[in-house]
Amino acid sequence: MQDKELLPTAKKLAQGKRLNRQDGLLLMTTADIYGLGAMAQAARQAKNQDKTYYILNRHLNYTNICANQCRFCAFWRTENHESAILLTPAEAAAKAAEIPQGQVDEFHIVGGCHPTLTLDYYLELFQALSKVHPTAALKAFTAVEIDHIARVSGLSAEEVLDALILAGLGALTGGGAEVFSPRVRQELCPRKASGKRWLEVSALAHKRGIPTNATLLYGHIETPEERVDHLLALREQQDLTGGFNAFIPLSFHPTNTFLSDLEPTTGLDDLRVVAVSRLLLDNFPHIKSYWVMLGRKLAQLALLFGADDLEGTVVEEHISHDAGATTAQGLTEPQLLKMIQAAGLKAVRRDSYYRPIYD
Ligand code: V47
């Protein structure tokens, strides 16, 4: 360990003790990336051994029309914009029908917060997709979308979740969490549901047996303290409800956003956030290395810095590509296998609930 200041934290980890805010801040600011990485990798090994998960999935964005218009986002459009998109359920089903049977285990469905679509649209979307691929799980919407759909439909979030669950909802995605700090939210996404509400809606899903994911959008105006506090708020919620499956750090992509003057994140900062997440989120089963945003090479390296999940085949991605991501739109199963196996790890094809399909 080069950074001797990390020794008390390392000792706590060796004794199986939980890290606190001070530990988190030291880890989030140390220059000792190898020391940090070694601790995170030990935690990954203890939790998941060599297993590295991936899924055959499709990302499906049903609309980019969004009432929130966040300053960090290049994906949203106003309703009358020439590149505004709103798929009808039939159009979404036609896209899904292009996928051969057995080649999709999950639809990852997210969109903008559309100003007028009500619950019926989302139920029809589920119905249409399930008809084409009845065995694919519907991992759909962020906690922010659930809150938004409820308000537009004149319903409670509980009612929306119950109706979606009856229609086949299997899990919520982890987006919309951004940074919980009210300061950051006020500056970058003032119209979006608060961090407190994001956590509340996640808890409502957990109480109904619906697992969810969580994210942190980092690398813009947030401070190390705000990163750490975000992670600790997630850990606290997980202690209460236990329904989070994976945490996904999302590296900010500035192109075409209101923050386009900012530099993208560095590789070392990306690895740092993965590693610190693994160490602070001791009650999260999985940390995802999202290759779409990290890039293939860094995503592979992150598998040796605490991450144990590579997301999946994805196939079509708009949110980070609209913001300048230069990664492929999708990867094939052999490409994912090569990344995992070349890191000396054991690839496990999973379903949406982290049950092995084969390994
Ligand atoms: O909610 C928006 C973020 C999220 C930008 O749950 C940006 O398994 C970077 O949540 N640069 C959507 N990020 C992606 C997401 C996700 C991805 C993969 C897997 C899962 C999962 C969830 O992307 C948004 C927002 O936080 N985002 N704009 C940007 N310019």
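**Exercise 1.** Determine how the axes of helices α3 and α11 are arranged.

*Solution.* Step 1: the axes of α3 (residues 33–48) and α11 (residues 267–280) come within 9 Å and cross at roughly 40°. Axes are lines fitted to C-alpha atoms, for helices over the stretch in contact, with angles from 0 to 180 degrees between N-to-C directions. Helices are DSSP runs (H or I, at least four residues), and strands are E runs of at least two, numbered from the N terminus.

Step 2: α3 is therefore oblique to α11; angles under 35 degrees count as roughly parallel, over 145 as roughly antiparallel, 65 to 115 as roughly perpendicular, and the rest as oblique.

The model is predicted: local features need pLDDT of at least 70, side-chain atom pairs count only at pLDDT 80 or more, and totals for chains, interfaces and linings use all residues. Residues are numbered from 1 along each chain as its sequence is written.

**Exercise 2.** Identify the buried residues of helix α9 and their packing partners.

*Solution.* Step 1: α9 (residues 195–207) has 13 residues. Step 2: G195, W198, L199, V201, S202, L204 and A205 are buried, with 20 or more other C-beta atoms, placed from the backbone, within 10 Å of their own. Step 3: these buried residues pack against α6 (143–153), α7 (157–166), α8 (182–188), β6 (212–218) and α10 (224–241); contact requires C-beta atoms, placed from the backbone, within 7 Å. Step 4: after α9 comes G209, with a positive phi near 80°.

**Exercise 3.** Describe how α2 and α10 cross.

*Solution.* Step 1: the axes of α2 (residues 21–29) and α10 come within 9 Å and cross at roughly 130°. Step 2: the two helices α2 and α10 are therefore oblique to each other.

Definitions and conventions
The expected span of a helix is 1.5 Å times one less than its number of residues. A residue is buried if 20 or more other C-beta atoms lie within 10 Å of its own, exposed if 12 or fewer, and partly exposed in between; C-beta atoms are placed from the backbone. Two residues are in contact if their C-beta atoms, placed from the backbone, lie within 7 Å.
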